Amino acid sequence: MAQKKKSKPVKSKSSAKASSSVKAKTAKAKSHKYVYDFGKKTDGDATQRELLGGKGANLAEMAKIGLPVPPGFTISTEVCTYFYKNKKSYPKVLDDQMRSSVAIMEKQLGQKLGDLKKPLLLSVRSGARDSMPGMMDTILNLGLNDETVEALSAASGNPRFAWDCYRRFIQMYGDVVMGVQKLPSEDHDPFEAIIEDFKKEIFPKAKGEVDDSRISAVQMKELVSRFKNLVKKRTGSDFPTCPWEQLEGSIGAVFSSWMNDRASVYRRKYGIPAEWGTAVNVQAMVFGNTGKKSGSGVGFTRDPASGEKVLYGEFLTDAQGEDVVAGVRTPQPVAKLQKVLPKPFKELVLVQKKLEKHFKDMQDFEFTIENEKLYMLQTRNGKRTGLAAVRIATEMVKERLIDWKTAIKRVPADQLDQVLAPVFDQAAQKAAARLCKGLPAGPGAASGKICLNAERAVEAAKKGTVLLVRQETSPEDLRGMIAAEGILTARGGVSSHAALVARQMGKVCVCGAADLDVDYKTRTVKVAGKTFKEGDYMSINGTTGEVFAGELKTAPSEIIQVLIEKKLDPKKSRAYQNFSQLMKWCEQATRMTVRTNADSPTQVANAVAFGATGIGLCRTEHMFFEGNRIDAMREMILADDELIRRKALKKLLPYQRRDFHGIFKALEGKPATIRLLDPPLHEFLPHDQSAQRDLAKKLGVSLASIKKRVEDLHEFNPMLGHRGCRLGISYPEVTEMQAQAIFEAAILAQKSGIEVNPELMVPLVGFPRELELQVEVIHATAKKVFEAKGVKVKYLVGTMIEIPRAALVADEIAKTAQFFSFGTNDLTQTTMGMSRDDSGSFLPNYTELDILDANPFASVDQSGVGQLMEIAVKKGKSSRRGIKLGICGEHGGDPKSVEFCHKIGLNYVSCSPFRVPTARLAAAQAAVS
Ligand code: PEP
Ligand code: MG
């Protein structure tokens with residue numbers, strides 16, 4: 001990383017002075033507090049996440065409620081902000097405050113940094129406000145050098161353990177602080193490569209993986225020496241021996257890691273502002289690697305994949321915490337601790353209960369057992385799948401841990417579609433060749449071409465679905481994980497990096513599939529006697545952990561089977577029960593309703609099953625492509641005069657009427673916003689010669705005349721051309737036909753006892769007069785139809801607000817429009833002057849460079865486009881107080897945009913049918929927060 005080694009150390013004094021001048025310095029240190037202690041003396045608490053980061057705040061809280069937390073201190077996020085504003089330097093008082101805090105730790109533990117009898121060893125970890133698992137750097141076993149390692153060896157009576165700590169420290173510090181990392185030509189971390197080669201040297205006959213525990217103290221010492229040589233060779237510097245210098249280097253590296261590539265990618269994906277900064281936690285080491293009575297683990301108070309209320313997690317005996325997360329060794333389920341180390345297990349069960357009761361959310365915690373004594377190193381609200389989020393939230397209400405409004409806030413709205421995601425088709429799965437089984441770490445079904453490297457996965461994903469297959473994943477693989485459909489690893493447990501990140505992203509994940517032999521050199525995966533090359537298909541079931549050969553067919557989720565296919569008894573599906581409970585609470589909480597963008601009865605029925613309260617946008621043009629009605633449409637477009645055009649429109653009328661009737665029936669009285677013809681006409685004509693010839697034959701006209709009309713309709717910039725209401729103004733008979741079809745269908749439905757609420761919407765209005773002209777046609781048509789049928793139906797006429805001028809003159813437009821619906825696709829396009837169809841070529845770069853936070857076509861650009869919406873709302877209401885306001889651009893299904901729509905006072909959002917639950921949840925969340 002570019003920042004590595006560049007960070008300036010904390011202003012150093014000699015290490016010997018580390019704690020001597022504490023008293024003299026305290027007066028100065030009081031000026032502004034940057035360092036917060038935890039342990040016997042605790043300054044902070046869980047409410048101070050902004051200042052102390054999530055980890056620091058919760059360490060303080062755990063210490064406060066009496067849980068066994070090793071002492072330490074947190075350097076606040078303010079220091080991170082200072083660091084970046086001041087050329088990577090620190091506030092003057094920081095050094096003194098740190099020295100005071102180290103002295104407090106030394107006193108509590110009876111150890112000293114750099115001491116030759118009882119050396120204090122430290123961990124240095126990042127801790128942002130929102131957890132960013134594995135994205136930033138960590139240093140463990142800090143304080144070791146050639147002398148203190150001997151002291152640790154003597155004090156613990158365990159030389160192997162001491163030398164193991166030392167080699168780990170050199171490995172971490174060498175990588176993170178000194179920048180000794182994998183070169184582009186290397187497939188493996190250089191330190192790991194040394195270990196692998198060394199194991200082959202000392203166990204030449206061993207088959208398969210050799211456990212680290214077989215490496216003796218003397219051999220560890222040799223590894224230390226090889227590691228130091230590597231550091232010297234790659235950096236030209238000796239490994240630092242002074243503990244205070246080590247501490248300074250580590251703190252600088254952790255602050256620098258806030259801006260490393262993977263942390264930046266992660267922040268962008270999860271919308272974490274760079275200004276937040278990270279805190280740094282310095283804590284006394286406790287050791288899980290002192291032997292069989294020690295170990296490290298990660299636990300969850302509930303299963304983060306399914307949400308089931310069980311103590312879930314895993315541990316490794318004789319290991320440090322990083323071993324569990326790194327996924328290098330596959331750990332054991334935490335329940336097995338009961339047998340191996342019953343005393344600390346009992347304590348852990350009590351602690352996890354206390355944690356959940358105290359934090360009132362599912363906790364993801366890290367623990368270490370040192371010679372049978374339990375220590376808590378971290379707790380945070382656990383990341384979970386969408387499925388688990390729904391279950392945990394609903395069950396916690398039943399358990400009276402939280403109320404129903406909190407439950408609504410607990411399910412991330414953008415994760416809700418995970419519960420609707422397909423699973424493998426049962427029959428296809430039975431027939432498939434099962435290769436092996438790993439740990440089910442991220443539920444769902446995924447098939448794809450296998451890729452053994454993140455960069456190649458990103459490239460391959462541009463062409464199709466990809467499974468990222470790795471021995472284990474590390475944070476460097478983040479981009480590949482984002483691009484892949486699913487993730488499969490040979491090593492690592494359910495709390496490994498792969499599993500953690502996959503769950504959060506809602507990716508399907510199987511990890512620890514030990515039978516897989518993943519060979520990076522030959523780019524092959526060998527399993528069950530078969531060899532798969534990169535690009536071959538594999539499938540994984542992240543709910544069961546099974547791995548299959550080939551591409552597998554998928555089937556709908558349980559919720560779809562209940563609601564849409566009606567194949568599953570709702571009482572038999574727990575997933576459905578939880579989902580439906582959550583949706584009921586949403587309905588109770590929401591102010592805005594959710595409509596759908598749909599233009600067929602089936603789409604409407606689906607959306608209504610998901611709770612849509614009507615249609616927010618029916619794009620009538622989609623109806624012209626069905627069956628052979630496109631011929632009549634083309635005849636209409638090719639017409640030379642109004643008479644011929646009307647003849648063709650007459651043919652289209654019955655089709656449209658039938659479509660609208662079907663939609664009214666499916667809606668059962670719910671309102672339907674039906675938009676009049678919008679796209680440029682050339683979109684309906686064939687552009688290739690043979691299709692043009694067929695059309696000429698069908699219509700009995702010459703090929704040349706068709707070609708000429710296509711040429712005439714050609715526009716250099718069709719999105720800004722002859723489209724929207726401009727069509728209806730040029731050809732009022734088109735508006736007339738559509739209005740007639742809507743009113744006749746409505747009367748038909750009404751006659752059969754179905755309530756109807758049509759809302760006719762005029763697109764792309766920018767001038768009040770445009771709308772007036774179209775409304776005149778609509779009213780005149782209504783009058784004609786009602787007189788002819790002897791019946792009336794009530795209806796509304798309104799417009800889309802989708803070009804900036806419409807927003808700016810919304811008060812004038814609202815004199816005619818009974819409702820506005822924001823067409824934010826076009827509004828974004830026209831406000832930004834960015835083509836909605838062509839911006840894909842430069843937008844990713846724009847978000848990378850922080851010109852834009854997110855794709856503005858997916859999430860409303862609140863300060864620009866949003867401002868226009870606010871103007872339109874205000875102006876619209878000023879001339880028509882009760883004007884109905886909605887949104888029907890793609891943004892209507894985006895949780896952040898839904899929240900914005902709530903804030904500016906819209907009545908409803910409209911989105912595609914399968915996004916309806918997400919939008920309902922987002923609307924309810926906006927209402928309760
Ligand atoms: C819009 O512009 O936001 C809209 C909904 O209309 P369309 O996407 O059909 O142009
Ligand atoms: Mg539009």
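At what angle do the axes of helix H21 and helix H36 cross? Hello everyone, let me answer that and then walk you through the rest. This is a predicted model, where local features need pLDDT of at least 70, side-chain atom pairs count only at pLDDT 80 or more, and totals for chains, interfaces and linings use all residues. Residues are numbered from 1 along each chain as its sequence is written, chains are lettered from A and ligands numbered from 1 in the order in which they are written, and side-chain values use heavy atoms, with hydrogens and water left out.

So, the opening pair. H21 covers residues 574–589 and H36 covers residues 916–928; their axes cross at roughly 45° and come within 8 Å. That makes H21 oblique to H36. For the labels, helices (H or I, at least four residues) and strands (E, at least two) are DSSP runs numbered from the N terminus. Axes are lines fitted to C-alpha atoms, for helices over the stretch in contact, and angles run from 0 to 180 degrees between N-to-C directions. Angles under 35 degrees count as roughly parallel, over 145 as roughly antiparallel, 65 to 115 as roughly perpendicular, and the rest as oblique.

The crossing of H21 and H36 is left-handed, meaning that the near helix is turned anticlockwise from the far one by less than a right angle; clockwise would be right-handed. On the H21 side the contact (heavy atoms within 4.5 Å) is made by Phe-579, Leu-582, Met-583, Cys-586, Glu-587 and Ala-589, and on the H36 side by Pro-917, Arg-920, Leu-921, Ala-924, Ala-927 and Val-928. Those residues divide into 10 nonpolar, no polar and two charged. Here Ala, Val, Leu, Ile, Met, Phe, Trp, Tyr, Cys and Pro count as nonpolar, Asp, Glu, Lys and Arg as charged, and the others, Gly among them, as polar.

Now to the barrel. Eight strands close up in the order S24-S25-S26-S27-S28-S29-S30-S31, with parallel pairing. Strands pair if DSSP finds at least two bridges between them. Neighbouring strands of this sheet are turned by 25° against each other on average, direction ignored. As one example, strand S30 (residues 884–887) and strand S31 (residues 908–911) run parallel and are joined by two bridges, and Ile-887 stands opposite Val-909 in S31.

Which helices lie across these strands? Helix H24 (residues 642–667) lies across S25, S26 and S27, running at about 160° to S26. Helix H29 (residues 768–789) lies across S27 and S28, at about 150° to S28.

Next, helix H35 (residues 895–903). Its buried residues are Pro-895, Ser-897, Val-898, Phe-900, Cys-901 and His-902, where buried means under 20% relative accessible area, exposed over 50%, and partly exposed in between (1.4 Å probe, protein chains only). What covers them includes helix H34, S30, S31 and our friend H36 from the opening. Just after H35, Gly-905 takes a positive phi of about 90°.

Helix H25 (residues 689–699) has two partners to show you. With helix H23 (residues 629–638), the axes come within 11 Å and cross at roughly 85°, which makes H23 roughly perpendicular to H25. Asp-631, Arg-634, Glu-635 and Leu-638 of H23 meet Leu-695, Lys-698 and Leu-699 of H25, a set of three nonpolar, no polar and four charged residues. With helix H26 (residues 703–713), the axes of H25 come within 9 Å and cross at roughly 120°, so the two are oblique to each other. That crossing is right-handed.

There is also an open sheet: five strands in the order S8-S7-S6-S9-S10, with antiparallel pairing. Strands S8 and S10 are the edges, each pairing on one side only. S7 and S8 are joined by two bridges, and Glu-314 stands opposite Pro-333 in S8. Helix H13 (residues 342–359) lies across S9 and S10, at about 25° to S10.

Last, two backbone details for anyone checking phi values. Most residues other than glycine have a negative phi. Lys-87 has a positive phi of about 50°; this residue sits in the loop between helices H3 and H4 and is exposed, with a relative accessible area of 72%. Asp-318 also has a positive phi, near 50°, and lies in the loop between S7 and helix H11, but Asp-318 counts as buried at 16% relative accessibility.
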